[in-house]
Amino acid sequence: MLSKNEIIETVNMVEKEHLDIRTITMGISLLPCVRESADKTAACVYDRIMQKAENIVSVAETLSKTYGIPIINKRISVTPVSLITAAFSGGEIKIAKSLDRAAKELGIDFLGGYSALVQKGMTSYERKFLESIPEALASTDRLCSSVNVGSSKTGINMDAVSLLGKIIKETAEKTKDRDGLGCAKFVAFCNAVEDNPFMAGAFHGVGEGETVINVGVSGPGVVHHAIKNMAGATIDEIAETIKKTAFKITRAGTLIAREAAKRLNAEFGIVDLSLAPTPVMGDSVAHILEEIGLSSVGAHGTTAALALLNDAVKKGGVMASSNVGGLSGAFIPVSEDIGMINAANNGAIDINKLEAMTAVCSVGIDMVAIPGDTPASTISAIIADEAAIGMINNKTTAVRVIPVPNKKVGDSVEFGGLLGTAPIMKVSRESADKFIARGGRIPAPIHSNKN
Amino acid sequence: MKAIVSVIGKDKSGIIAKVSSALANKGVNIEDISQTIVQGNFTMIMVCDLADKISISELSDALDKTGKDAGVKIYVQHEDIFNAMHTL
(Lines give C-alpha, C1' and ligand atoms only; values in the text may rest on other atoms or scores of the structure.)
Protein backbone atom coordinates (compact mmCIF):
# COMPACT_ATOMS: atom_id res chain seq x y z
CA MET A 1 0.00 0.00 0.00
CA LEU A 2 1.32 3.40 -0.97
CA SER A 3 1.78 5.92 1.77
CA LYS A 4 0.61 9.50 1.63
CA ASN A 5 4.20 10.71 1.81
CA GLU A 6 5.25 8.64 -1.18
CA ILE A 7 2.46 10.06 -3.28
CA ILE A 8 3.26 13.61 -2.24
CA GLU A 9 6.96 12.98 -2.92
CA THR A 10 6.24 11.99 -6.53
CA VAL A 11 3.88 14.90 -7.08
CA ASN A 12 6.49 17.31 -5.73
CA MET A 13 9.24 15.81 -7.88
CA VAL A 14 7.27 16.74 -10.98
CA GLU A 15 5.80 19.96 -9.73
CA LYS A 16 8.76 21.53 -7.94
CA GLU A 17 11.90 19.61 -8.89
CA HIS A 18 11.66 19.28 -12.68
CA LEU A 19 11.36 15.50 -12.79
CA ASP A 20 10.73 14.62 -16.38
CA ILE A 21 11.39 12.05 -19.04
CA ARG A 22 13.93 13.95 -21.09
CA THR A 23 13.46 12.00 -24.27
CA ILE A 24 11.69 9.08 -25.86
CA THR A 25 13.86 8.16 -28.80
CA MET A 26 12.78 5.69 -31.45
CA GLY A 27 15.66 3.92 -33.16
CA ILE A 28 14.83 2.90 -36.71
CA SER A 29 16.94 0.69 -38.94
CA LEU A 30 17.34 2.20 -42.40
CA LEU A 31 19.20 -0.75 -43.90
CA PRO A 32 16.10 -1.92 -45.83
CA CYS A 33 16.15 1.46 -47.62
CA VAL A 34 19.45 0.96 -49.44
CA ARG A 35 18.84 1.56 -53.17
CA GLU A 36 21.15 2.23 -56.10
CA SER A 37 20.42 5.96 -56.28
CA ALA A 38 20.18 8.84 -53.80
CA ASP A 39 16.66 9.78 -54.95
CA LYS A 40 15.23 6.32 -54.46
CA THR A 41 16.96 5.85 -51.12
CA ALA A 42 15.80 9.29 -49.92
CA ALA A 43 12.19 8.47 -50.82
CA CYS A 44 12.32 5.14 -49.00
CA VAL A 45 13.97 6.69 -45.93
CA TYR A 46 11.23 9.29 -45.69
CA ASP A 47 8.43 6.75 -46.08
CA ARG A 48 9.92 4.35 -43.58
CA ILE A 49 10.39 6.96 -40.86
CA MET A 50 6.93 8.42 -41.40
CA GLN A 51 5.41 4.98 -41.10
CA LYS A 52 7.40 3.70 -38.12
CA ALA A 53 7.24 6.89 -36.07
CA GLU A 54 3.78 8.04 -37.12
CA ASN A 55 2.41 7.92 -33.58
CA ILE A 56 5.45 8.83 -31.51
CA VAL A 57 4.26 12.31 -30.60
CA SER A 58 0.68 11.35 -29.77
CA VAL A 59 1.73 8.29 -27.75
CA ALA A 60 4.21 10.37 -25.76
CA GLU A 61 1.53 12.93 -25.01
CA THR A 62 -0.93 10.29 -23.84
CA LEU A 63 1.67 8.64 -21.61
CA SER A 64 2.67 11.98 -20.18
CA LYS A 65 -0.94 12.65 -19.18
CA THR A 66 -1.59 9.15 -17.89
CA TYR A 67 1.38 9.05 -15.55
CA GLY A 68 1.55 12.76 -14.84
CA ILE A 69 5.20 13.08 -15.83
CA PRO A 70 6.22 15.47 -18.61
CA ILE A 71 7.93 13.90 -21.61
CA ILE A 72 10.03 16.74 -22.96
CA ASN A 73 11.39 15.46 -26.26
CA LYS A 74 10.28 12.95 -28.84
CA ARG A 75 13.16 11.98 -31.09
CA ILE A 76 14.36 9.54 -33.70
CA SER A 77 17.70 7.91 -34.29
CA VAL A 78 18.57 6.07 -37.49
CA THR A 79 21.21 3.70 -38.83
CA PRO A 80 24.47 5.62 -39.46
CA VAL A 81 23.68 7.25 -42.77
CA SER A 82 27.16 6.60 -44.18
CA LEU A 83 26.14 2.95 -44.39
CA ILE A 84 23.22 3.60 -46.69
CA THR A 85 24.88 6.14 -48.98
CA ALA A 86 27.89 4.02 -49.94
CA ALA A 87 26.44 3.10 -53.34
CA PHE A 88 25.93 6.67 -54.53
CA SER A 89 28.69 8.65 -52.94
CA GLY A 90 28.06 12.35 -53.60
CA GLY A 91 24.28 12.25 -53.08
CA GLU A 92 24.35 12.33 -49.27
CA ILE A 93 22.65 15.72 -48.94
CA LYS A 94 19.47 14.35 -50.49
CA ILE A 95 19.23 11.87 -47.63
CA ALA A 96 19.94 14.61 -45.08
CA LYS A 97 17.09 16.71 -46.44
CA SER A 98 14.75 13.77 -46.54
CA LEU A 99 15.47 13.00 -42.87
CA ASP A 100 14.96 16.63 -41.92
CA ARG A 101 11.64 16.75 -43.75
CA ALA A 102 10.41 13.63 -41.93
CA ALA A 103 11.45 15.10 -38.56
CA LYS A 104 9.56 18.31 -39.25
CA GLU A 105 6.42 16.59 -40.45
CA LEU A 106 6.36 14.29 -37.42
CA GLY A 107 6.79 17.25 -35.08
CA ILE A 108 9.97 16.00 -33.42
CA ASP A 109 12.79 18.35 -32.46
CA PHE A 110 15.88 16.33 -33.43
CA LEU A 111 16.70 13.32 -35.57
CA GLY A 112 20.11 11.77 -35.08
CA GLY A 113 22.19 9.41 -37.15
CA TYR A 114 23.82 11.42 -39.89
CA SER A 115 26.80 9.49 -38.69
CA ALA A 116 29.82 7.43 -39.58
CA LEU A 117 31.86 4.89 -37.66
CA VAL A 118 35.48 5.30 -38.66
CA GLN A 119 37.28 4.29 -35.48
CA LYS A 120 39.80 2.14 -37.31
CA GLY A 121 39.79 3.08 -40.95
CA MET A 122 37.94 5.24 -43.42
CA THR A 123 36.70 4.11 -46.84
CA SER A 124 36.53 6.52 -49.75
CA TYR A 125 32.75 6.75 -49.42
CA GLU A 126 33.04 7.46 -45.71
CA ARG A 127 35.50 10.26 -46.37
CA LYS A 128 33.01 11.71 -48.87
CA PHE A 129 30.29 11.33 -46.29
CA LEU A 130 32.32 13.15 -43.63
CA GLU A 131 32.96 15.96 -46.09
CA SER A 132 29.20 16.31 -46.63
CA ILE A 133 28.51 16.99 -42.94
CA PRO A 134 28.93 20.82 -42.98
CA GLU A 135 26.52 21.20 -45.88
CA ALA A 136 24.09 18.68 -44.34
CA LEU A 137 24.00 20.60 -41.04
CA ALA A 138 23.77 23.99 -42.75
CA SER A 139 20.91 22.99 -45.02
CA THR A 140 18.77 21.25 -42.39
CA ASP A 141 17.29 22.31 -39.06
CA ARG A 142 16.67 19.18 -37.03
CA LEU A 143 19.31 16.77 -38.23
CA CYS A 144 22.11 15.75 -35.86
CA SER A 145 25.40 14.22 -36.86
CA SER A 146 28.10 12.23 -35.11
CA VAL A 147 31.34 10.47 -35.99
CA ASN A 148 33.06 7.79 -33.96
CA VAL A 149 36.82 8.27 -34.29
CA GLY A 150 38.18 5.78 -31.80
CA SER A 151 37.53 2.89 -29.45
CA SER A 152 39.28 0.96 -26.71
CA LYS A 153 39.40 -1.99 -29.08
CA THR A 154 40.80 -0.25 -32.16
CA GLY A 155 42.71 2.81 -31.04
CA ILE A 156 42.13 6.26 -32.53
CA ASN A 157 41.88 7.05 -36.22
CA MET A 158 43.97 10.21 -36.39
CA ASP A 159 43.20 10.79 -40.08
CA ALA A 160 39.54 11.10 -39.11
CA VAL A 161 40.41 13.27 -36.09
CA SER A 162 42.39 15.58 -38.37
CA LEU A 163 39.54 15.80 -40.87
CA LEU A 164 36.95 16.54 -38.15
CA GLY A 165 38.78 19.67 -37.02
CA LYS A 166 38.34 21.06 -40.52
CA ILE A 167 34.74 19.83 -40.74
CA ILE A 168 33.80 21.56 -37.49
CA LYS A 169 35.38 24.80 -38.70
CA GLU A 170 33.58 24.55 -42.02
CA THR A 171 30.27 23.82 -40.28
CA ALA A 172 30.71 26.93 -38.14
CA GLU A 173 31.51 28.99 -41.22
CA LYS A 174 28.48 27.69 -43.12
CA THR A 175 26.19 28.54 -40.20
CA LYS A 176 27.89 31.78 -39.17
CA ASP A 177 24.62 33.70 -39.56
CA ARG A 178 23.44 31.61 -36.57
CA ASP A 179 26.68 31.87 -34.55
CA GLY A 180 27.91 28.50 -35.75
CA LEU A 181 24.79 26.67 -34.56
CA GLY A 182 25.51 23.77 -36.92
CA CYS A 183 28.35 22.71 -34.61
CA ALA A 184 25.89 22.29 -31.72
CA LYS A 185 24.38 19.46 -33.74
CA PHE A 186 27.62 17.60 -34.28
CA VAL A 187 29.56 15.40 -31.91
CA ALA A 188 32.81 13.47 -32.26
CA PHE A 189 32.92 10.27 -30.20
CA CYS A 190 35.28 7.67 -28.87
CA ASN A 191 33.54 4.42 -27.88
CA ALA A 192 30.19 5.64 -29.25
CA VAL A 193 27.23 3.58 -28.03
CA GLU A 194 24.58 2.15 -30.34
CA ASP A 195 21.57 2.83 -28.14
CA ASN A 196 22.07 6.40 -26.94
CA PRO A 197 18.74 8.28 -26.84
CA PHE A 198 20.34 11.72 -26.33
CA MET A 199 21.24 14.22 -29.02
CA ALA A 200 23.35 15.22 -30.79
CA GLY A 201 25.00 11.80 -30.62
CA ALA A 202 22.10 9.39 -31.05
CA PHE A 203 22.24 6.84 -33.83
CA HIS A 204 20.66 3.42 -34.26
CA GLY A 205 23.47 0.86 -34.22
CA VAL A 206 23.67 -1.99 -36.70
CA GLY A 207 23.53 -4.46 -33.82
CA GLU A 208 20.09 -3.18 -32.84
CA GLY A 209 16.64 -4.49 -33.74
CA GLU A 210 14.36 -3.05 -36.40
CA THR A 211 12.55 -0.47 -34.27
CA VAL A 212 13.58 0.20 -30.69
CA ILE A 213 12.46 2.59 -27.98
CA ASN A 214 15.21 4.05 -25.80
CA VAL A 215 14.37 6.46 -23.04
CA GLY A 216 16.48 9.11 -21.35
CA VAL A 217 15.31 9.96 -17.86
CA SER A 218 16.41 13.06 -16.11
CA GLY A 219 16.19 14.82 -12.84
CA PRO A 220 19.18 16.88 -11.73
CA GLY A 221 16.64 18.98 -9.82
CA VAL A 222 15.28 15.95 -7.98
CA VAL A 223 18.77 14.84 -6.93
CA HIS A 224 19.63 18.38 -5.90
CA HIS A 225 16.51 18.65 -3.78
CA ALA A 226 17.13 15.28 -2.14
CA ILE A 227 20.52 16.33 -0.78
CA LYS A 228 19.56 19.91 -0.01
CA ASN A 229 18.72 19.32 3.62
CA MET A 230 21.72 17.15 4.37
CA ALA A 231 24.01 19.68 6.05
CA GLY A 232 26.57 17.82 8.11
CA ALA A 233 25.94 14.48 6.42
CA THR A 234 28.97 12.42 5.44
CA ILE A 235 29.83 11.72 1.83
CA ASP A 236 28.59 8.13 2.09
CA GLU A 237 25.24 9.38 3.34
CA ILE A 238 25.06 11.76 0.38
CA ALA A 239 25.92 8.89 -1.99
CA GLU A 240 23.22 6.72 -0.44
CA THR A 241 20.57 9.42 -0.88
CA ILE A 242 21.58 10.03 -4.51
CA LYS A 243 21.40 6.29 -5.14
CA LYS A 244 17.88 6.00 -3.74
CA THR A 245 16.73 9.03 -5.73
CA ALA A 246 18.22 7.66 -8.95
CA PHE A 247 16.36 4.42 -8.31
CA LYS A 248 13.02 6.19 -8.20
CA ILE A 249 13.71 8.29 -11.27
CA THR A 250 14.83 5.27 -13.25
CA ARG A 251 11.79 3.23 -12.24
CA ALA A 252 9.56 5.98 -13.61
CA GLY A 253 11.56 5.99 -16.85
CA THR A 254 11.42 2.23 -17.21
CA LEU A 255 7.67 2.13 -16.78
CA ILE A 256 7.17 4.77 -19.45
CA ALA A 257 9.73 3.20 -21.80
CA ARG A 258 8.01 -0.20 -21.67
CA GLU A 259 4.60 1.30 -22.17
CA ALA A 260 5.81 3.48 -25.06
CA ALA A 261 7.44 0.49 -26.76
CA LYS A 262 4.22 -1.52 -26.46
CA ARG A 263 2.07 1.25 -27.90
CA LEU A 264 4.48 2.01 -30.74
CA ASN A 265 5.00 -1.63 -31.79
CA ALA A 266 8.67 -1.42 -31.04
CA GLU A 267 11.12 -3.27 -28.82
CA PHE A 268 11.97 -1.76 -25.47
CA GLY A 269 15.69 -1.05 -25.70
CA ILE A 270 17.25 0.69 -22.73
CA VAL A 271 16.84 3.37 -20.14
CA ASP A 272 19.67 5.89 -20.16
CA LEU A 273 20.38 7.08 -16.61
CA SER A 274 22.17 10.27 -17.60
CA LEU A 275 21.47 13.29 -15.47
CA ALA A 276 20.76 15.81 -18.21
CA PRO A 277 20.60 19.45 -17.19
CA THR A 278 18.68 22.25 -18.88
CA PRO A 279 19.41 25.96 -18.73
CA VAL A 280 16.47 26.63 -16.38
CA MET A 281 17.01 27.23 -12.67
CA GLY A 282 16.65 24.09 -10.56
CA ASP A 283 17.72 21.66 -13.27
CA SER A 284 21.49 21.87 -12.99
CA VAL A 285 24.16 19.21 -12.49
CA ALA A 286 26.62 21.92 -11.44
CA HIS A 287 24.32 22.92 -8.59
CA ILE A 288 24.33 19.33 -7.27
CA LEU A 289 28.12 19.47 -7.07
CA GLU A 290 27.90 22.82 -5.32
CA GLU A 291 25.33 21.41 -2.89
CA ILE A 292 27.77 18.63 -2.05
CA GLY A 293 30.09 21.35 -0.83
CA LEU A 294 31.88 23.34 -3.53
CA SER A 295 31.65 27.12 -3.71
CA SER A 296 31.47 26.74 -7.49
CA VAL A 297 31.74 23.96 -9.99
CA GLY A 298 35.33 24.10 -11.20
CA ALA A 299 36.80 24.29 -7.71
CA HIS A 300 39.36 21.67 -6.72
CA GLY A 301 37.22 18.76 -5.58
CA THR A 302 34.85 19.01 -8.55
CA THR A 303 36.16 15.85 -10.20
CA ALA A 304 35.81 13.85 -6.99
CA ALA A 305 32.29 15.15 -6.31
CA LEU A 306 31.28 14.37 -9.88
CA ALA A 307 32.73 10.87 -9.64
CA LEU A 308 30.66 10.10 -6.55
CA LEU A 309 27.53 11.58 -8.12
CA ASN A 310 27.97 9.62 -11.33
CA ASP A 311 28.64 6.36 -9.53
CA ALA A 312 25.73 6.72 -7.12
CA VAL A 313 23.34 7.46 -10.00
CA LYS A 314 24.49 4.29 -11.76
CA LYS A 315 24.11 2.14 -8.66
CA GLY A 316 20.56 3.31 -8.09
CA GLY A 317 19.76 3.03 -11.76
CA VAL A 318 20.96 -0.52 -12.35
CA MET A 319 18.93 -1.69 -9.37
CA ALA A 320 15.86 -0.10 -10.93
CA SER A 321 16.15 -1.48 -14.43
CA SER A 322 17.77 -4.54 -15.98
CA ASN A 323 18.10 -2.69 -19.25
CA VAL A 324 20.33 0.23 -18.54
CA GLY A 325 22.34 1.52 -21.48
CA GLY A 326 23.13 4.50 -23.63
CA LEU A 327 25.54 6.92 -22.04
CA SER A 328 24.27 6.68 -18.46
CA GLY A 329 26.32 9.25 -16.62
CA ALA A 330 26.06 12.87 -15.64
CA PHE A 331 26.18 15.33 -18.52
CA ILE A 332 28.24 18.48 -18.17
CA PRO A 333 27.29 20.59 -21.19
CA VAL A 334 28.41 24.13 -20.46
CA SER A 335 25.74 26.10 -22.35
CA GLU A 336 22.88 23.87 -21.19
CA ASP A 337 23.41 24.09 -17.44
CA ILE A 338 22.79 27.33 -15.57
CA GLY A 339 25.40 26.46 -12.92
CA MET A 340 28.02 25.75 -15.58
CA ILE A 341 27.17 28.95 -17.46
CA ASN A 342 27.65 30.97 -14.26
CA ALA A 343 30.91 29.23 -13.44
CA ALA A 344 32.24 29.84 -16.94
CA ASN A 345 31.20 33.49 -16.77
CA ASN A 346 32.97 33.90 -13.44
CA GLY A 347 36.10 32.20 -14.69
CA ALA A 348 35.61 29.42 -12.12
CA ILE A 349 35.80 26.68 -14.70
CA ASP A 350 37.98 26.28 -17.76
CA ILE A 351 38.35 23.75 -20.53
CA ASN A 352 41.14 21.92 -18.69
CA LYS A 353 38.97 21.26 -15.65
CA LEU A 354 36.15 20.16 -17.95
CA GLU A 355 38.52 17.70 -19.57
CA ALA A 356 39.45 16.25 -16.18
CA MET A 357 35.76 15.92 -15.29
CA THR A 358 35.11 13.89 -18.44
CA ALA A 359 37.39 11.17 -17.10
CA VAL A 360 34.79 10.35 -14.45
CA CYS A 361 31.44 11.03 -16.09
CA SER A 362 29.74 11.02 -19.41
CA VAL A 363 30.29 12.44 -21.80
CA GLY A 364 32.88 14.99 -22.79
CA ILE A 365 33.74 18.55 -23.72
CA ASP A 366 30.12 19.33 -24.44
CA MET A 367 28.51 22.51 -25.75
CA VAL A 368 31.63 24.54 -25.24
CA ALA A 369 31.91 27.70 -27.32
CA ILE A 370 35.48 28.57 -28.29
CA PRO A 371 36.98 31.51 -30.22
CA GLY A 372 36.09 31.58 -33.91
CA ASP A 373 39.75 31.83 -34.90
CA THR A 374 40.72 28.58 -33.15
CA PRO A 375 42.79 26.60 -35.68
CA ALA A 376 41.30 23.36 -37.04
CA SER A 377 44.32 21.47 -35.70
CA THR A 378 43.56 22.70 -32.17
CA ILE A 379 39.99 21.41 -32.45
CA SER A 380 41.37 18.09 -33.72
CA ALA A 381 43.73 18.01 -30.77
CA ILE A 382 40.85 18.61 -28.31
CA ILE A 383 39.09 15.65 -29.95
CA ALA A 384 42.27 13.53 -29.74
CA ASP A 385 42.68 14.29 -26.02
CA GLU A 386 39.08 13.37 -25.25
CA ALA A 387 39.25 10.25 -27.41
CA ALA A 388 42.40 9.19 -25.55
CA ILE A 389 40.61 9.52 -22.19
CA GLY A 390 37.80 7.35 -23.54
CA MET A 391 40.09 4.81 -25.15
CA ILE A 392 42.28 4.26 -22.11
CA ASN A 393 39.43 4.28 -19.59
CA ASN A 394 37.02 2.09 -21.59
CA LYS A 395 34.34 4.74 -21.59
CA THR A 396 32.49 6.92 -24.02
CA THR A 397 33.91 10.39 -24.48
CA ALA A 398 32.86 13.07 -26.90
CA VAL A 399 33.54 16.56 -28.14
CA ARG A 400 30.89 19.08 -29.12
CA VAL A 401 32.59 22.45 -29.48
CA ILE A 402 31.42 25.50 -31.35
CA PRO A 403 34.14 27.76 -32.79
CA VAL A 404 31.83 30.78 -32.96
CA PRO A 405 32.70 32.89 -36.01
CA ASN A 406 33.97 36.39 -35.21
CA LYS A 407 33.74 35.88 -31.44
CA LYS A 408 36.54 35.86 -28.92
CA VAL A 409 37.09 35.17 -25.22
CA GLY A 410 34.90 37.56 -23.24
CA ASP A 411 32.02 37.38 -25.73
CA SER A 412 29.08 35.07 -25.33
CA VAL A 413 26.67 33.35 -27.64
CA GLU A 414 22.98 32.60 -27.32
CA PHE A 415 21.76 29.43 -29.02
CA GLY A 416 18.29 29.53 -27.50
CA GLY A 417 16.00 26.86 -26.07
CA LEU A 418 17.60 23.76 -24.57
CA LEU A 419 20.93 24.63 -26.19
CA GLY A 420 21.23 27.65 -23.93
CA THR A 421 23.88 30.35 -23.66
CA ALA A 422 27.64 29.98 -23.71
CA PRO A 423 30.48 32.30 -22.83
CA ILE A 424 33.41 31.86 -25.22
CA MET A 425 36.02 29.79 -23.38
CA LYS A 426 39.75 30.05 -23.73
CA VAL A 427 41.71 27.31 -25.49
CA SER A 428 45.47 26.85 -25.41
CA ARG A 429 47.31 29.03 -27.91
CA GLU A 430 50.08 26.51 -28.28
CA SER A 431 50.00 24.54 -31.51
CA ALA A 432 49.32 20.84 -32.16
CA ASP A 433 49.70 21.34 -35.91
CA LYS A 434 52.53 18.89 -36.47
CA PHE A 435 51.00 16.25 -34.22
CA ILE A 436 47.68 16.36 -36.06
CA ALA A 437 49.31 16.57 -39.51
CA ARG A 438 51.07 13.25 -38.97
CA GLY A 439 47.87 11.29 -39.54
CA GLY A 440 47.75 7.51 -39.07
CA ARG A 441 46.34 5.73 -36.05
CA ILE A 442 47.00 5.69 -32.34
CA PRO A 443 47.40 1.95 -31.79
CA ALA A 444 44.86 0.09 -29.70
CA PRO A 445 45.77 0.15 -26.01
CA ILE A 446 47.36 -2.85 -24.36
CA HIS A 447 44.17 -3.70 -22.48
CA SER A 448 42.32 -4.23 -25.78
CA ASN A 449 44.10 -7.57 -26.06
CA LYS A 450 41.75 -9.61 -23.94
CA ASN A 451 41.25 -12.73 -26.02
CA MET B 1 -7.83 1.02 -13.85
CA LYS B 2 -6.92 2.86 -10.70
CA ALA B 3 -5.75 6.44 -10.50
CA ILE B 4 -4.42 8.56 -7.69
CA VAL B 5 -6.00 12.00 -7.51
CA SER B 6 -3.93 14.48 -5.51
CA VAL B 7 -5.41 17.83 -4.59
CA ILE B 8 -3.06 20.51 -3.30
CA GLY B 9 -3.81 24.11 -2.43
CA LYS B 10 -4.97 26.61 0.17
CA ASP B 11 -7.41 25.20 2.67
CA LYS B 12 -10.97 26.45 2.39
CA SER B 13 -14.45 25.05 2.70
CA GLY B 14 -16.02 22.96 -0.03
CA ILE B 15 -12.93 21.52 -1.71
CA ILE B 16 -13.80 17.90 -0.92
CA ALA B 17 -17.39 18.43 -2.02
CA LYS B 18 -16.39 19.97 -5.33
CA VAL B 19 -13.81 17.33 -6.21
CA SER B 20 -15.91 14.36 -5.14
CA SER B 21 -18.98 15.56 -7.00
CA ALA B 22 -16.87 16.08 -10.14
CA LEU B 23 -15.66 12.51 -9.78
CA ALA B 24 -19.18 11.21 -9.22
CA ASN B 25 -20.36 13.02 -12.36
CA LYS B 26 -17.81 11.05 -14.37
CA GLY B 27 -18.83 7.76 -12.77
CA VAL B 28 -15.58 7.45 -10.86
CA ASN B 29 -15.65 5.53 -7.59
CA ILE B 30 -13.54 6.82 -4.68
CA GLU B 31 -12.00 3.85 -2.85
CA ASP B 32 -9.87 5.64 -0.32
CA ILE B 33 -9.51 9.22 0.77
CA SER B 34 -7.18 10.98 3.14
CA GLN B 35 -6.35 14.57 3.83
CA THR B 36 -3.71 16.44 5.68
CA ILE B 37 -2.01 19.80 5.92
CA VAL B 38 1.56 19.75 4.55
CA GLN B 39 3.64 22.91 5.05
CA GLY B 40 0.46 24.96 5.37
CA ASN B 41 -1.06 23.46 2.24
CA PHE B 42 -4.24 21.46 2.13
CA THR B 43 -3.39 18.09 0.62
CA MET B 44 -5.96 15.46 -0.24
CA ILE B 45 -5.19 12.12 -1.80
CA MET B 46 -7.86 9.91 -3.31
CA VAL B 47 -7.51 6.42 -4.70
CA CYS B 48 -10.08 6.16 -7.48
CA ASP B 49 -11.38 3.34 -9.62
CA LEU B 50 -12.07 4.55 -13.16
CA ALA B 51 -13.33 1.12 -14.31
CA ASP B 52 -13.54 1.62 -18.09
CA LYS B 53 -15.73 4.66 -17.86
CA ILE B 54 -13.20 7.37 -18.55
CA SER B 55 -9.51 7.66 -19.47
CA ILE B 56 -7.03 9.32 -17.16
CA SER B 57 -6.40 12.14 -19.62
CA GLU B 58 -10.14 12.85 -19.93
CA LEU B 59 -10.53 12.83 -16.15
CA SER B 60 -7.48 15.02 -15.81
CA ASP B 61 -8.98 17.60 -18.19
CA ALA B 62 -12.29 17.55 -16.34
CA LEU B 63 -10.65 17.96 -12.92
CA ASP B 64 -8.42 20.71 -14.23
CA LYS B 65 -11.53 22.83 -14.53
CA THR B 66 -12.75 21.84 -11.09
CA GLY B 67 -9.34 22.72 -9.67
CA LYS B 68 -9.43 26.17 -11.22
CA ASP B 69 -12.91 26.81 -9.77
CA ALA B 70 -11.82 25.66 -6.32
CA GLY B 71 -8.43 27.41 -6.44
CA VAL B 72 -6.41 24.21 -6.00
CA LYS B 73 -4.13 22.10 -8.20
CA ILE B 74 -5.36 18.63 -9.03
CA TYR B 75 -3.14 15.85 -10.34
CA VAL B 76 -4.50 12.63 -11.79
CA GLN B 77 -1.96 9.87 -12.27
CA HIS B 78 -2.09 6.15 -13.01
CA GLU B 79 -1.31 4.24 -9.81
CA ASP B 80 1.44 2.29 -11.59
CA ILE B 81 3.79 5.28 -11.53
CA PHE B 82 3.71 5.35 -7.72
CA ASN B 83 4.10 1.60 -7.45
CA ALA B 84 7.07 1.72 -9.82
CA MET B 85 8.81 4.48 -7.92
CA HIS B 86 8.13 3.42 -4.36
CA THR B 87 7.94 -0.36 -4.23
CA LEU B 88 10.52 -2.98 -5.06
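Which helices of chain A and strands of chain B do the buried residues of H3(B) pack against? In this predicted model, they pack against helix H1 (4-17), helix H3 (56-67) and helix H8 (235-263) of chain A, together with strand E1 (2-9) and strand E4 (72-78) of chain B. The helix in question spans residues 79-86 of chain B, and its buried residues are Ile81(B), Phe82(B), Ala84(B), Met85(B) and His86(B).

**Aromatic pairs**

Over all chains, a search of the whole structure finds two aromatic pairs. The rings of Tyr114(A) and Phe129(A) form a tilted pair, because their planes stand at 35°, between the limits of 30 and 60 degrees. This pair links distant parts of the chain: Tyr114(A) belongs to strand E3 (residues 111-117) of chain A and Phe129(A) to helix H5 (residues 124-138) of chain A, 15 residues apart. Tyr114(A) counts as buried, with a relative accessibility of 0%, and Phe129(A) is likewise buried at 0%.

The rings of Phe198(A) and Phe331(A) have planes at 85°, so this pair is edge-to-face. Phe198(A) lies in the loop between E6 and E7 of chain A, while Phe331(A) lies in the loop between helix H10 (302-320) and helix H11 (338-345) of chain A; the pair therefore ties together parts that are 133 residues apart in sequence. Phe198(A) is buried at 5% relative accessibility, and Phe331(A) is buried at 9%.

| Pair | Distance between ring centres | Angle between planes | Class |
|---|---|---|---|
| Tyr114(A) and Phe129(A) | 4.5 Å | 35° | tilted |
| Phe198(A) and Phe331(A) | 4.9 Å | 85° | edge-to-face |

**Asn191(A) and its surroundings**

Asn191(A) is found in the loop between strand E6 (186-190) and strand E7 (211-217) of chain A. Because its relative accessibility is 15%, under the 20% limit, Asn191(A) counts as buried. Its side chain reaches the backbone oxygen of Lys395(A) at 2.9 Å. Leaving aside residues up to four places away in sequence, Asn191(A) touches Asn148(A), Gly150(A), Ser151(A) and Ser152(A), as well as Gly390(A), Met391(A), Asn394(A), Lys395(A) and Thr396(A).

**A nonpolar surface patch**

Leu31(A), Val34(A), Leu83(A) and Val206(A) make a nonpolar surface patch of about 290 Å². One of these residues, Leu83(A), is placed in the loop between strand E2 (71-78) and helix H4 (92-106) of chain A. Why can Leu83(A) take part in the patch? Patch residues need over 30% relative accessible area, and Leu83(A), which is partly exposed, has 32%.

Key: Residues are numbered from 1 along each chain as its sequence is written. Chains are lettered from A and ligands numbered from 1 in the order in which they are written. This is a predicted model: local features need pLDDT of at least 70, side-chain atom pairs count only at pLDDT 80 or more; totals for chains, interfaces and linings use all residues. Side-chain values use heavy atoms; hydrogens and water are left out. Patches are made of residues with over 30% relative accessible area and no salt bridge: like charges are joined within 9 Å, nonpolar side chains (Val, Leu, Ile, Met, Phe, Trp, Tyr) within 5 Å. Accessible areas come from the Shrake-Rupley method with a 1.4 Å probe; for residues, only the protein chains shown count as cover. A salt bridge is a side-chain nitrogen of Lys or Arg within 4 Å of a carboxyl oxygen of Asp or Glu. Helices (H or I, at least four residues) and strands (E, at least two) are DSSP runs, numbered from the N terminus. Buried means under 20% relative accessible area, exposed over 50%, partly exposed in between (1.4 Å probe, protein chains only). A polar contact is a pair of N or O atoms within 3.5 Å; within protein, one must be able to donate a hydrogen and the other to accept it, and residues adjacent in sequence count only if both atoms are side-chain atoms. Contact means heavy atoms within 4.5 Å. Rings of Phe, Tyr and Trp (its six-membered ring) pair if their centres lie within 6.5 Å; planes under 30 degrees apart count as stacked, over 60 as edge-to-face and the rest as tilted.
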